[in-house]
Amino acid sequence: MTENTTNLHPEWEDPTPKQKAKSKGPMIGLISVALIAVLGIGLYASGLFGKLFVNKEDRVTQALYSLMKGEENPFVQDWMGTKELNAAMAKAYRSSGTLELVEAPIVQEMIGFPVPGGITLSFEAQQDTALKTMSAKLGLGMMGTDLVNGQLYVDENKMQVAAPSLFKEVISADFSGDLDSKLDNAPLFKDQPEAEEFKESIRQFAQTLKDSQGQTTQLVKLMTGEASLYDYQGLKDATEKFKGQWVIEDAPAKTASYNGKQAAFDGFKVTMPKAAYVAFLKEMKTFMLSDAKFKTDIMDLVADQVAAGELITKEEAYTKMGTEMDQWIQSVEQNAELKDIPFTIHMTDDNELVSLVSEVKSAADGFNLNLERSGGAYGNENMKLTLVATGTNAGQMELVSIGKTEGAAQSRELHISAASADAKAADNVIKWNINKESGALSGEAKTSVVEADQVVPIEMTFKGKVQDIVKGKSGTAVLDEIKINANGQAVATLKGDMKYSVEGVKAVMPEGTTMDLFTATQADMDKIMEQIQEKLGGFLNLMDTPLGF
């Protein structure tokens with residue numbers, strides 16, 4: 001029930017773009033560069049936030065940044081203290097919840113006998129960044145009795161896994177010390193064909209645990225405002241240089257409705273030269289892979305994940321990322337169909353984005369982007385975004401947000417649709433209503449799937465209450481009823497609750513007899529399997545019946 005009011009500048013989330021197929025390269029490249037351009041200029045704005053914007057370059061910058069922070073919702077902030085809550089949760093948080101099956105009519109019809117109610121799924125998670133610990137619990141129960149439960153504990157050197165309802169041991173792996181020696185002498189991994197790959201996966205996982213602590217600490221600082229991506233001098237220099245190469249000219253004013261009033265809004269025509277965005281991509285690649293502090297703070301974790309997925313070393317992962325970045329940038333630079341990127345932007349007197357229009361064409365492809373915002377309690381409350389692609393990637397995507405804030409009540413509808421030349425339009429709708437005085441909460445979600453050329457609508461509705469709000473610290477959402485329907489037929493009814501807090505956080509180790517993964521034998525593992533079969537004997541026997549569950 002919390003909103004993310006922190007802008008971490010998502011332009012840096014994909015440091016390893018893949019080289020695209022030749023037939024789709026021009027359009028994908030154009031769209032990618034356009035997004036990088038807008039987000040890059042938004043990063044520049046974040047560094048200037050709070051200053052007086054007087055010239056057209058700064059006005060364009062601030063208008064683009066207003067789109068990036070358009071989900072900051074004063075209504076929810078005033079009620080829940082989301083900024084303070086998110087900052088606190090970046091350091092430590094505790095969340096828990098349950099989901100209970102009340103009835104499942106469609107399953108009952110399929111199997112021919114009633115499905116018992118009272119089946120529950122529960123979870124609990126706690127993380128303390130300062131202590132570098134995390135724990136989680138997951139349970140499946142019926143009528144208040146645990147059928148299956150699992151526990152996980154992780155710190156920078158250790159991982160423990162347990163399932164008390166199935167076996168008594170706590171499987172533990174301590175990655176500190178001489179890990180290579182532990183792996184080489186582990187009985188479970190000897191004389192196993194896949195042992196080397198498995199050991200390498202463990203090495204990479206252990207390295208990720210250690211490296212992630214530094215990134216976690218830095219991410220906490222970014223989320224709490226103690227640090228900013230703009231603090232990295234190389235990033236700042238490249239972005240300012242990039243922004244300075246945009247060609248900005250006055251455009252005719254545009255008459256539109258904003259916050260319920262018709263007015264004429266100032267406009268500018270902006271052009272990003274191809275040479276500028278190619279140079280920017282090259283500088284970003286160099287910075288991301290060579291700046292020592294940025295690598296330690298952020299990129300090492302990305303490299304660890306690539307290394308774990310590819311079963312290579314971190315150094316090889318950096319080489320791989322660099323090669324793929326070079327290939328992608330080269331494809332952009334050498335593609336003659338990629339030209340300068342133009343867009344026209346209109347804004348209010350205080351530099352809130354009202355509209356953004358861009359049209360780019362090449363010999364084979366093209367796209368038109370049209371964004372309109374009409375105001376509200378927050379920037380993106382009422383907004384329509386349309387993207388139309390032509391040529392080899394012909395298709396259309398539309399996002400519409402319709403919101404309303406009156407007194408203690410706020411509502412919002414999100415309509416998302418997409419279609420292509422070889423696929424039918426897919427429409428998705430999400431609606432919710434909330435009252436911060438009564439806590440009343442309700443909403444619905446609709447989507448559709450295509451089965452045998454037939455469109456099958458799926459719908460979920462819910463109602464409940466948000467309660468026990470302690471601003472910036474904790475709260476509870478109780479859902480009294482969740483109904484799921486498919487093609488007009490009732491599928492299931494559920495109920496549940498979720499709690500969150502930033503107080504009383506303590507990661508918990510599982511209780512039980514510890515079994516060291518690096519000294520355990522196959523006989524030890526066989527004993528665990530015997531316990532599981534004994535505990536789930538009845539259930540496993542049922543699995544062999546014609547019912548199949």
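I started at Leu-121, which sits in strand β2; strands (E, at least two residues) and helices (H or I, at least four) are DSSP runs numbered from the N terminus. Leu-121 has a relative accessible area of 42%, so I noted it as partly exposed. On this scale buried means under 20% relative accessible area, exposed means over 50%, and partly exposed is in between (1.4 Å probe, protein chains only).

**Ground rules.** I am reading a predicted model, where local features need pLDDT of at least 70, side-chain atom pairs count only at pLDDT 80 or more, and totals for chains, interfaces and linings use all residues. Residues are numbered from 1 along each chain as its sequence is written, and side-chain values use heavy atoms, with hydrogens and water left out.

**Confidence.** I looked up pLDDT, the predictor's confidence in each residue from 0 to 100. The mean for the protein is 82, and 80% of its residues reach 70 or more.

**Overview.** I found 13 helices and 20 strands. Of the 549 residues in the protein, 42% are buried.

**Surface patch.** Back to Leu-121: together with Leu-99, Phe-123, Leu-138, Leu-140, Leu-147 and Met-498, Leu-121 makes a nonpolar surface patch of about 560 Å². Strands β2 (119–128) and β3 (133–142) are the elements that give two or more residues to the nonpolar patch. Patch residues have over 30% relative accessible area and no salt bridge; like charges are joined within 9 Å, and nonpolar side chains (Val, Leu, Ile, Met, Phe, Trp, Tyr) within 5 Å. The areas come from the Shrake-Rupley method with a 1.4 Å probe, and for residues only the protein chains shown count as cover.

**Cores.** Which residues touch the most other members of the largest nonpolar core? I found Val-60, Tyr-277, Phe-294 and Ile-345, in a core of 46 residues. Helix α9 (residues 274–290) gives the largest share, 8 residues. Apart from this core lies another of 23 residues, among them Phe-175, Leu-179, Met-515 and Ala-520. A nonpolar core is a set of buried Ala, Val, Leu, Ile, Met, Phe, Trp, Tyr and Cys residues joined through side-chain atoms within 4.5 Å.

**Ser-172.** Beyond four places in sequence, Ser-172 touches residues including Lys-158, Gln-160, Thr-514 and Asp-516; contact means heavy atoms within 4.5 Å.

**Gly-177.** This residue is in the loop between β6 (169–174) and α6 (179–185). Gly-177 is exposed, because its relative accessibility is 67%.

**Salt bridges.** I counted a salt bridge when a side-chain nitrogen of Lys or Arg is within 4 Å of a carboxyl oxygen of Asp or Glu. That rule gives 19 salt bridges. One of them joins the side chains of Arg-203 and Asp-180, at 2.6 Å from N to O. Arg-203 lies in helix α7 (residues 195–224) and Asp-180 in helix α6, so this pair ties together parts 23 residues apart in sequence.

Next I checked Lys-320 and Glu-324, whose closest N and O atoms are 3.2 Å apart in a salt bridge. Why are they separated by about one helical turn? Because Lys-320 and Glu-324 are 4 residues apart in helix α11. Lys-320 is partly exposed at 27%, whereas Glu-324 is buried at 13%.
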